[in-house]
Amino acid sequence: MTMTVKPMDAALGAEVIGVDLRALDDETFAAIHQAWLDHQVLLFRDLRLTDDDLVSISRRFGDLDEAPVQETGRRFVDGHPEIYVVSNVVQDGVAIGSLGSGEAVWHTDMSYLPDPPKASALYALEVPPRGGDTSFCSMYAAWEELPAPLQRRVEHLRVKHDGTYNSGGYVREGVTPTGDPRTSPGTFHPLVYPHPETGRRALYLGRRRNAYIEGLPLDDSNALLDEIWAHATRESLTWRHRWRAGDLVVWDNRCTMHRRDAFDPAARRLMHRTQIKGDRRDAFPAT
Ligand code: SIN
């Protein structure tokens, strides 16, 4: 088989064709890794992965984080502490996963932590007939296309990434919302930083809700964040993925954001996700 990388007709994303992800030699993985750095998000189609397969493919990108606690307090898939379930499916009255069927707003995974995962891999087991598409946004392009005066204004600022809500709008396990981003739980990260592997500068925004720019009065912080977000999430900077069961998408959290469309709550959507560890030094090198 010859591996082909087919870029999407969009600001980011590529499909990789002609590889057997369950039998990757080092040379093929190096080519996949380079394609991932070049295109920020990779799509592999028509797979039939077990949870073990998903874990071992994800491990090629680095060590894995343990899955966060689900909204229900449930921790992870039995026997697979690295797998997080994204699903609206309810079994015996209990949600088996997180994020329900509503919109998941633009975000970068787990950025409220000091050491957010550098990458995420999402594998589709069941998808609804319509809706539930996932869009990705290039944070390189978001930075590069920011008007120069705005670039100068924000390049040395830090933004607080709120830890109160997840992207589905649900309050995280064990958190009591304060409604004030200055006092809510979260982590300050640089708004702009060089990607540790490519050296390209990217905006790092996390989530809009409850975000706060260090040192500014709250109204000024909100106004500046709204301005940056309006630029960063323009459709021209995005790629929208319509899922099929058997799709695996691997994205780089250091230079992308993503969001998910709502879908019919009566339809089933079941995805398994892994996350590849970052560490603070690796994720946020000196600017
Ligand atoms: C996520 O935000 O990690 C999940 C996105 C999706 O459900 O498509």
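Which residues do ring pairs link into a cluster? Phe-29, Trp-36 and Phe-61 are the ones joined that way.

Before we go on, a word on the model, everyone: it is predicted, so to speak of local features we need pLDDT of at least 70, and side-chain atom pairs count only at pLDDT 80 or more, while totals for chains, interfaces and linings use all residues. Residues are numbered from 1 along each chain as its sequence is written, and side-chain values use heavy atoms, with hydrogens and water left out.

Searching the whole structure turns up 5 aromatic pairs. To pair, rings of Phe, Tyr and Trp (its six-membered ring) need centres within 6.5 Å; planes under 30 degrees apart are stacked, over 60 edge-to-face, and the rest tilted.

One of the pairs is Phe-29 with Phe-61, edge-to-face, at 5.0 Å centre to centre and 85 degrees between the planes. Phe-29 sits in helix 1 (residues 26-39) and Phe-61 in the loop between helix 2 (51-59) and strand 4 (84-87), so this contact ties together parts 32 residues apart in sequence. Helices (H or I, at least four residues) and strands (E, at least two) are DSSP runs, numbered from the N terminus. Both Phe-29 and Phe-61 are buried, meaning under 20% relative accessible area, where exposed is over 50% and partly exposed is in between (1.4 Å probe, protein chains only).

Now have a look at Phe-136 and Trp-251: their ring centres are 5.3 Å apart with planes at 50 degrees, so that pair is tilted. Phe-136 belongs to strand 10 (residues 134-138) and Trp-251 to strand 17 (residues 248-252), so parts 115 residues apart in sequence are tied together. Phe-136 is buried at 0% relative accessible area, and Trp-251 is buried at 2%.
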